Amino acid sequence: MNYIETKKDATGNPVRIYYNDYGKGDPIILIHGWPLSKEMWEYQINDLVNSGHRVIAYDRRGFGKSSKPWDGYDYDTMTDDLKALIDQLQLENITLIGFSMGGGEVVRYFSKYQGKGVTKVVLISSITPYMLKTESNPDGVAQEMFDDMSEKMQQDRIGFLDDFGKTFFGVTLLHKPLSTPLLEYYRMLCSFASPRATQECAKAFATTDFRDEMRLVNVPTLIIHGSDDKTVPIEPTGKESTKLIPDNEIIIYEGAAHGLFYTEKERLNADLVNFLKGKHVVLDFVHSEIEEII
């Protein structure tokens, strides 16, 4: 089994990060969303490896097969784990792909480690730059919504995950974009996470403000977001990111919900491979022009 060790937890025990490593070529690191694990990338890995890349997917601390310490679920510590993976595997010419919560580690890696070794970035359904509704972020999600999530997780975490998964993938009575067994499989993956990690990571992605860090993402960046994402609304995240990252393009999947890594997998994979091959157009417009486009 593939593990790297990052710095010890508060009790002195080593924290081990589990990863899968496939293919050859310039590396891609896949950073999973909350509250899933690296297995969420099942439908991307084959196409990415076949495009001529080494593909590394890892479990964030507290999730999947990685260590589950009590603390360390802030973005600084989780980004230190990403840096340890990059250093110990001696990776260069990296494309970082962060889904949802995973976009936070991507951005923090640039502000904390100057993006060392990274040549491209993809943010998919990402929580960056800022999720929380405030006076300066009026399109964000109200604190009451996150408080309600926290309370439900404490009362019945699995019941919460069951309801959350339906919103995550856009499941309704008339729209079922994935089978019931697959939806239950994703719920199972989420259930394997540490309850403490699930709670603390929700706090991290809800309250961490990346707005001042976004301009430090100084490599070509592809932003992909669903227009009907009710888990991470596009207005304060995907659309706002286009105004802050210097060299970016955005692709909006009309009608897509949050979990587009499955519901839009063929399109997503094609867009990722095209971007990796350099088939992208850099948007270089002033903010008002970007707003007119999106």
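The legends below describe close-up views of a predicted model.

**View 1. Helices α2 and α3 pack against each other.** Helix α2 covers residues 75-88, and helix α3 covers residues 102-113. Their axes are 9 Å apart and meet at an angle of about 80 degrees. Because angles of 65 to 115 degrees count as roughly perpendicular, α2 is described as roughly perpendicular to α3.

**View 2. Residues of α2 meet residues of α3.** On the α2 side, the contact is made by Tyr 75, Asp 76, Met 78, Thr 79, Asp 80, Leu 82, Lys 83 and Ile 86. On the α3 side, the residues are Gly 104, Glu 105, Arg 108, Tyr 109, Lys 112 and Tyr 113. Sorted by class, this contact has 6 nonpolar, 2 polar and 6 charged residues.

**View 3. Eight strands form an open sheet.** The strand order is β1-β2-β4-β3-β5-β6-β7-β8, and the pairing is mixed. Strands β1 (3-6) and β8 (248-253) stand at the edges. Each has a single partner strand, so one side of each is left without a neighbour in the sheet. From one strand to the next, the twist averages 20 degrees.

**View 4. Strands β3 and β4 pair in the parallel sense.** Strand β3 spans residues 27-31 and strand β4 spans residues 54-58, with 5 bridges between them. Which residue in β4 is the bridge partner of Ile 31? The partner is Tyr 58.

**View 5. Helix α7 packs on the sheet.** This helix, residues 235-244, touches β7 (221-226) and β8. The direction of α7 makes about 155 degrees with that of β8.

Terms used. Residues numbered from 1 in each chain as written. Predicted model: local features only at pLDDT ≥ 70, side-chain atom pairs only at ≥ 80, totals over all residues. Heavy atoms only, no water. Axes fitted to C-alpha atoms, helices over the stretch in contact; angles between N-to-C directions. Helix = DSSP H or I, 4+ residues; strand = E, 2+ residues; numbered from the N terminus. Parallel < 35°, antiparallel > 145°, perpendicular 65-115°, else oblique. Contact = heavy atoms within 4.5 Å. Nonpolar A, V, L, I, M, F, W, Y, C, P; charged D, E, K, R; others polar. Pairing = 2+ DSSP bridges.
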